Structure formats: structure tokens, C-alpha cells
Amino acid sequence: MADPDALRTRWSHTLHRSRGTQTPSPTHTTPAPSPEAYADNLLTRWSEPQRRYHTLDHLTAVLDHVDVLEKAADDPDLVRLAAWFHDAVYLPDRSENEERSARLAERALPEAGLSAAATAEVARLVRLTITHDPAGDDPNGQVLCDADLAILASPPDAYAAYTAAVREEYAFVPPDAFREGRAAILRQLLDLPRLFHTPYGTREWEGPARHNLTSELTLLTA
């Protein structure tokens, strides 16, 4: 289970490091406020009742995976901030969650003391989770996308729990429609030339993820 206090501490450390010696956004010249208020807001968002998979546990897992991959990133702390925001707005019946999450980051991070350039990079990374298709020269994007998709390479029991949680989030969708939509997503993923882009992700997660996706697709279409 996710530990909100531990997450709050991780947020504070990441935000302090990201502020560093950057030039604050010109629209906010007063001293940056305490990180705690932003952490509490984000933790509340990630704890909303409509969430079953996109929860604090998912946030913790993505942050843990960024820690594993951090040497592959140009700025791992900005990737961590993007992880905090990437599903901060999440309604299962809406298609614009990533865009709304990116806009939330664009509003909050300048107030929190980040530079305009750092804020723009975090928002760009959040929007990249729409496609999970980072460019070959985008190490920050590769790390975030790999960390977000690492669940696909989970052991069988954990993968089954993930798929069950996703189904719960979409409980309002009739069974046949869900199976059809989920199968289409799985086929799109399996058609990608690669699911993971960092050396670690390619080596450790690509094979297990493809096995899990293939197995799930077989069950859905049986």
C-alpha cells in the first residue's frame, strides 16, 4: 500500500531539487510557497473514489520505476514531477485527462517556484503519456513512458490485479464493449515495434510485457 507521508516527503525533496538555482517564472516573483500544500492537493487527486488502478499505488510504482531508470534521463527530477502530474486529473469516461493534467502542471509549478523552462518540460512529458511514443533523442520522455508502462511486465498475479483494476475503473462500460475496446488497445500495443525505449526497459520489461499482453488478448478473444 502507498504511504502518503512517504510520498509527501518524496514530493518535497523533488520539488526542492528542481527549484535549485533556476530563475523563477517572471509571473511569480514572491518567495516560493511550501511544497506541502501542493503535495496535499496532488495526494487528494490521486485518492479520488473513481480510481481503481490510477491510484496512489500506481503513482508510487511509477516513481519507483523512475528511480530505477534515472541514469537514462537528462533531468530525472523533472521526470519525477511529470510522474506526479501525469494522471493528476483522471476521469475514466473522459478523453482529455492528460491534457488537463498538463494544464494543471502549467498552473501549479510556476507558483511552486519552478522556472518557465522546467514547467514547460514537465507539461510536455505529461502530454507524451497520451501516446507513450517518445523520440529517440528524448531521454526524459523515454524514462517517463517506460516507468508508466512497466506494469505491463509484472508477474502474472500482479498483472491480473492490474487488469482487474482497469476493468473496475470502466465498470460503466458493458462487458462486450469493454472486451472489444480493451482488445483493440492490446493489439495497438503489440503492433508497436517496441514498448520500452530505455536500455533497462528493453532488456528487462519488453519480453514479459509482450507475453502478458498476448495472454490477455487471447483470453479476451477466446
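Me: Why is H58 counted as buried in this predicted model?

Reply: The relative accessibility of H58 comes to 5%, and a residue counts as buried when its relative accessible area is under 20%, so H58 is buried. This residue is found in helix α3, which covers residues 56-69.

Me: How do you know that the side chain of H58 makes a polar contact, and with which residue?

Reply: The partner is the side chain of Y53, at 3.0 Å, and the cut-off for such a pair of N or O atoms is 3.5 Å, so the value falls within the cut-off. Leaving out residues up to four places away in sequence, H58 touches W46, Y53, H86, D87 and D148.

Me: Is T129 buried or exposed, and how do you know?

Reply: T129 has a relative accessible area of 4%, and because the limit for buried is under 20%, T129 is buried. This residue lies in the loop between α6 and α7, where a polar atom of its side chain is 2.6 Å from the backbone oxygen of V126. Not counting residues up to four places away in sequence, T129 touches H86, E98, L144 and D148.

Me: What makes α7 a mostly covered helix?

Reply: Of the 11 residues of α7, 11 are buried, among them L144, D146 and D148. The elements that cover these buried residues include α3, α4 (76-85), α6 (116-128) and α10 (199-204).

Me: Why is S12 called buried, and what does S12 contact?

Reply: S12, found in helix α1 (residues 4-19), has a relative accessible area of 9%, and since buried means under 20%, S12 is buried. Leaving aside neighbours within four places in sequence, S12 is in contact with P35 and E36. S12 and P35 are 23 residues apart in sequence, while their C-alpha atoms are 5.5 Å apart in space.

Me: Why is the ring pair of Y170 and F172 called tilted?

Reply: The ring centres of Y170 and F172 are 5.8 Å apart, and rings pair if their centres lie within 6.5 Å, so these two rings form a pair. Their planes stand at 40°, whereas stacked needs under 30 degrees and edge-to-face needs over 60, so the pair is tilted. The count of aromatic pairs comes to eight, and ring pairs also link W11, W84 and F85 into a cluster.

Me: What makes Y170 partly exposed?

Reply: The relative accessible area of Y170 is 26%, and because buried means under 20% and exposed means over 50%, a value in between makes Y170 partly exposed.

Me: Which residues lie closest to the centre of the largest pocket, and what volume does this pocket have?

Reply: The largest pocket has a volume of about 940 Å³. Of the 32 residues that line the largest pocket, H54, H132, Y170, R182 and I185 are the closest to its centre.

Me: Which helix gives the most to the lining of the largest pocket, and how do the lining residues divide?

Reply: With eight residues, α9 gives the most to the lining, and α5 (97-111), α7 (139-149), α8 (156-169) and α9 (175-191) each supply at least two residues. The lining residues divide into 16 nonpolar, 10 polar and six charged.

How values were computed:
Residues numbered from 1 in each chain as written. Predicted model: local features only at pLDDT ≥ 70, side-chain atom pairs only at ≥ 80, totals over all residues. Heavy atoms only, no water. Helix = DSSP H or I, 4+ residues; strand = E, 2+ residues; numbered from the N terminus. Buried < 20%, exposed > 50% of the residue type's maximum accessible area, 1.4 Å probe, protein only. Polar contact = N/O pair within 3.5 Å; in protein donor to acceptor, adjacent residues only side chain to side chain. Contact = heavy atoms within 4.5 Å. 1 Å grid on protein atoms, 1.4 Å probe; cavity = no way out; pocket = protein on both sides within 12 Å on 5 of 7 lines; lining within 4 Å. Points joined across faces, edges and corners; volume = space filled by probe spheres on them. Nonpolar A, V, L, I, M, F, W, Y, C, P; charged D, E, K, R; others polar. Phe/Tyr/Trp six-rings, centres within 6.5 Å; stacked < 30°, edge-to-face > 60°.
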